[in-house]
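Welcome! Please take a moment to look over the chain below, and then we can walk through it together.

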Amino acid sequence: MTETLRFDGKVAVVTGAGAGLGRSHALALAARGARVLVNDLGGGAHGGGAGTNAADAVVAQIRAAGGEAAANYDSVEDGAAIVQAAVDAFGTVDILINNAGILRDVSFQKMSEQDWDLIYRVHLLGSMRVTQAAWPILRDKQYGRIVMTTSAAGLYGNFGQANYSAAKLALVGLAQTLAEEGRARNIHVNVIAPVAASRLLSTVLPQEVLDLLKPESVTALVAWLCHEQCEQTKGLFEVGAGYIGKLRWQRSGGVFFPQAGFGPEQVRSRWDEIADFSASSYPTTTTESVAPILEGAAKPRLGGNEFIDLDAASQDSIEAESSYDERDLALYALGVGAARDALDPQELRYVYELGDQFQAVPTYAVMPALNTFLNLTRDGRGLRGLNYGLDRILHGEQYTELLRPLPPKARLTHRYAFKTAYDKNPHAVVVIGCDSFDESGEKLAYNEISLFVRGTGGWGGERGPGSERNAAPDREPDAVIEERTDPNQALLYRLSGDWNPMHADPAFARAFGFDRPILHGLCTYGFVARHVLRSFADNDGRRFKSIRVRFADSVFPGETLVTRIWRDGERRFVFETRTKERDTLVVSHAAMELREAVDAPVANTAQKAQPATATATHLSAAQAFEVIGDYLREHPDLVRQVATVFQFKVHKPDSDWVLDLRNGAGECRAGVAERADCTLELDEEHVQTLVTRPIGEVQQLYFGGKLKIGGNLMASQKLAALHAIGAEPYARVLARDAAAPPAIDAAPAAAVTPAVATSADLFEAIRRHIAHNPGLGDQVRTRFQFQLRNPDSQWLLDLKSGDGTVVEGAGDSADATLELDDADFVAMSTRRADAQKLYFGGKLKIAGNIMASQKLMFLQKIDPALLQAVLAERSAGAADATPPASVDSAAPRTSDIARLFAELAARWQTRDDAPPQWHGQALAFRLEDPRSDWSVDLRGAKPLIQSAAIDTAAATFLLADQDLAALFAGSAHAADLFQRGRLRVEGDLRLAHALDRLAAAPAQARTAAPPATAPIHEDTQA
């Protein structure tokens, strides 16, 4: 149970405690045992008058609740009298909260000395005198807690408050020095800048805003700063509406608490997060200071507790990279029991990287994702809001889905996000989702990790779904696999990245109640997946689609796993696993889905997987929606996930299609929806791109005007759920209708690289938009100045009146000036970056009329076709200026190598002239001495040879410039260079054998080839 923070035996002085914040502070400290001197002059908000009613009312309320309090009516300018009153009443002073204040707003030009002096005397001089009177008492007793009250106006400045701003910022300087002078004597001095409803703000903010700014939200922080356990000193904090953030001329992300039911204990438990500057903003005005607080305060709260903050977790995500290669796959396969029969070709495929059928055990897909996540968590870089240690975690369930088979090697980008949490009071289940993408940006795998977190429940949340999903049927299984794990199985498996000593150290395992080390749950995961593949997929991992298991109990190395499997549909299987020796259920509520049989052989290549979707004709709308309809019938849960009705309007030829993912079990049919949330309109030739290609290519259709989206634009992104279908079902439909097997898309060779939008292109598109919309200036009535950096440029968008203009350069009298990097402007203007995130992240600065900047929303109405037209014209101009050539030699390279590649391009007029092993592949040459990059792309009908690097190469050859020249001349051989360490190969090693075909001379005229006993083997690679 959380310890309650008490102030028993402590005496607190609170100035200005008759109302607002001061009253809230006094009541809270008294309720927790403090004896409180309630000081209030009883005057007005502007410094006039005096009275005793305000202080007396607060004292009466404290006493009625059983607390101790005394009233004082002195001005803070008479600080000695206030402190003496506390000593007279209670004998000492431990806590001082300088809260009293007034307002006299007037512009600096009209300000009188009386206006200035009165604010100074109350805020700065008054705080100094009360503090100075209490200081000797605190020094003598070697203890004190002081809180000063500043203001956003003091930190950032505000029109009409020069007197108030100066006094408030001076308080910060006073507190900083006092904190240093009191540090050695245990006197802690901190400053708060509150945003709370008070009489000082009642004439500034509307009532609906004031209702969000409860004084109690500020008091929680003040109470913690005044507590003896709090070691914080010399701190400056903005606080209000449930928000607490620490400043160091830079504001932390802070924490939003539920506005009801939290106090200093919760503040203490989140202290590190409140003071964490890893996610920060840089306010320069009061608007920038208050707006994010009010915005966050207005949002509904999901809840949670000190261990699991659902609001913080749901808003965070993490991105991290990892990589693996053939060695990692083989080691993992051995770790999960593969290839015990080293002569079995179906098992050898998982461990022998030079074999024609080499492939990954599909459950390896969990390893890069989970290992990276655990490393992030261990290093303190986990998801925000999940405030528990690894010692509380048990792996409860695991789900893994592959969109296509894992390549033999890859560099992956993982994106982690909190999905949900279930309150199993007193415990909790936290579900983390992870999407993994390859180097091209295409999604490769999805993992869902369900963690049972001990002792973190009890916030009153949902308990989650029941446990009936994937329950074992009450009948005999369709298959039973029995396999014994090795006594050293955990020691072998841990080499794949899980170094938990629980699985290796007997003493460590005994400390946690096990008589010996236990097997990793994910090791068992790999075993049981192999059992299903062996029983129903001819042990072919390429047929794997997804698996979900629940870890029911531990397995000890050396025990025998007995997996019972039941067919639950054409390609779906449920199973459970027990240990034979103990008859203990270790895996339950488990299921695996398979894909249809794979006919094509496995290619041992690290190149980007190309979806097999194209035949001689493009995919028709009828074919596409047939596949989608079949998938929907197998996955009715899509309706719950997507909850959207889509209307597709297809042209050339015309047809209409409805995809209802909102109602009932869903529906995919020809026709028109009665009411669609989102309408997509495109020509039939682009349907194939829409349903099979990466999101980047779909966006190109949209920005190119070839895909139009009506209705809820954001809802169209939910169609990404259909990417799980993969390319194979579409390819099968094409093959069926064409009576021919599907072929892989060949990437067409392009003579000119597509243009990338620049800021100049974007302003030209804006100029054309203005020309197409006369009178736009009369509508917007604002002049915008853009200051771009890296590279520097200036643009004036004058929409003050008339039609409006776009001019490169600086102009006079801009209403709003926007300053940001050129790359961020391009990303923002092409909808790849959010303007608000750039602004609150400090990457976009706005000077002048900040509200006027919102009028730039009209830019979202610009037709993307305008930008595409600008890019097309620029590309066409570049093409006209560049003579056609097979070899791109724009960058300076070694003249001999450039000439040799040019001659090669002349010899290889078609793909058939190149070595057969290279057909359909892209190869990269990374040369040294001097450094240069070349690529040979044989994926199209005509070879494309360029002086450029390529990211999607099936193999990359690394060698010296002169050694490649020797290969061209026929005076060197690839195998010889490889064995001598002068040729290195990344990717498919077998493709290196064809390097000898680069030579122009007939084979018999070349230097004698090395003996057959010297082939290229990976174990000789340098």
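**A walk through the chain**

Ala 241 is buried, with a relative accessible area of 1%; here buried means under 20% relative accessible area, exposed means over 50%, and partly exposed lies in between, using a 1.4 Å probe and protein chains only. You will find Ala 241 in the loop between strand 7 (235-240) and strand 8 (243-246). Helices (H or I, at least four residues) and strands (E, at least two) are DSSP runs, numbered from the N terminus. Phi of Ala 241 is near 55°, a positive value in a residue other than glycine.

Before going on, please note that this is a predicted model, in which local features need pLDDT of at least 70 and side-chain atom pairs count only at pLDDT 80 or more, while totals for chains, interfaces and linings use all residues. Residues are numbered from 1 along each chain as its sequence is written, and side-chain values use heavy atoms, with hydrogens and water left out.

Most residues other than glycine have a negative phi, and most peptide bonds are trans. Asn 470 is another residue with a positive phi, near 60°. Its place is in the loop between strand 16 (443-453) and strand 17 (479-484), and Asn 470 is buried, with a relative accessible area of 10%. Two peptide bonds also deserve a look. The bond from Lys 652 to Pro 653 is cis, with omega near 0°, and Pro 653 lies in the loop between strand 22 (644-651) and strand 23 (655-661). The bond from Asn 790 to Pro 791 is cis too, with omega near 0°; Pro 791 sits in the loop between strand 27 and strand 28 (793-799).

Now for the chain as a whole. Its secondary structure comes to 31 helices and 37 strands, and buried residues make up 50% of its 1022 residues. Of the contacts with a separation of 6 or more, 72% are between residues 24 or more positions apart; a contact means heavy atoms within 4.5 Å.

Let us turn to helix 1. At 1.5 Å a residue, its 12 residues (20-31) should span 16 Å, and the end C-alpha atoms are 17 Å apart, which agrees; the expected span is 1.5 Å times one less than the number of residues. Several residues of helix 1 are buried, including Leu 21, His 25 and Leu 29. The buried residues of this helix pack against strand 1 (11-14), strand 2 (35-39), helix 2 (53-64), strand 4 (95-98), strand 6 (187-194) and helix 8 (215-225). Just after helix 1, Gly 33 takes a positive phi of about 105°.

Another glycine, Gly 253, is found in the loop between strand 9 (251-252) and strand 10 (255-256). At 41% relative accessibility, Gly 253 counts as partly exposed. Leaving aside neighbours within four places in sequence, Gly 253 is in contact with Tyr 243, Asp 276 and Ala 279.

Next come the aromatic rings. The structure holds 23 aromatic pairs. Rings of Phe, Tyr and Trp (its six-membered ring) pair if their centres lie within 6.5 Å; planes under 30 degrees apart count as stacked, over 60 as edge-to-face and the rest as tilted. Tyr 324 and Tyr 364 form an edge-to-face pair, 5.3 Å centre to centre with 70° between the planes. Tyr 324 lies in strand 12 (residues 317-324) and Tyr 364 in the loop between helix 14 (345-348) and helix 15 (366-378), so the pair ties together parts that are 40 residues apart in sequence. Both tyrosines, Tyr 324 and Tyr 364, are buried.

Thr 363 is found in that loop between helix 14 and helix 15 as well. Thr 363 is buried, with a relative accessible area of 0%. Not counting residues up to four places away in sequence, Thr 363 touches Tyr 332, Tyr 525, Gly 526, Ala 529 and Ile 547.

Finally, which residues form one aromatic cluster? They are Phe 901, Trp 908, Trp 918, Phe 925, Trp 934, Phe 957 and Phe 968.
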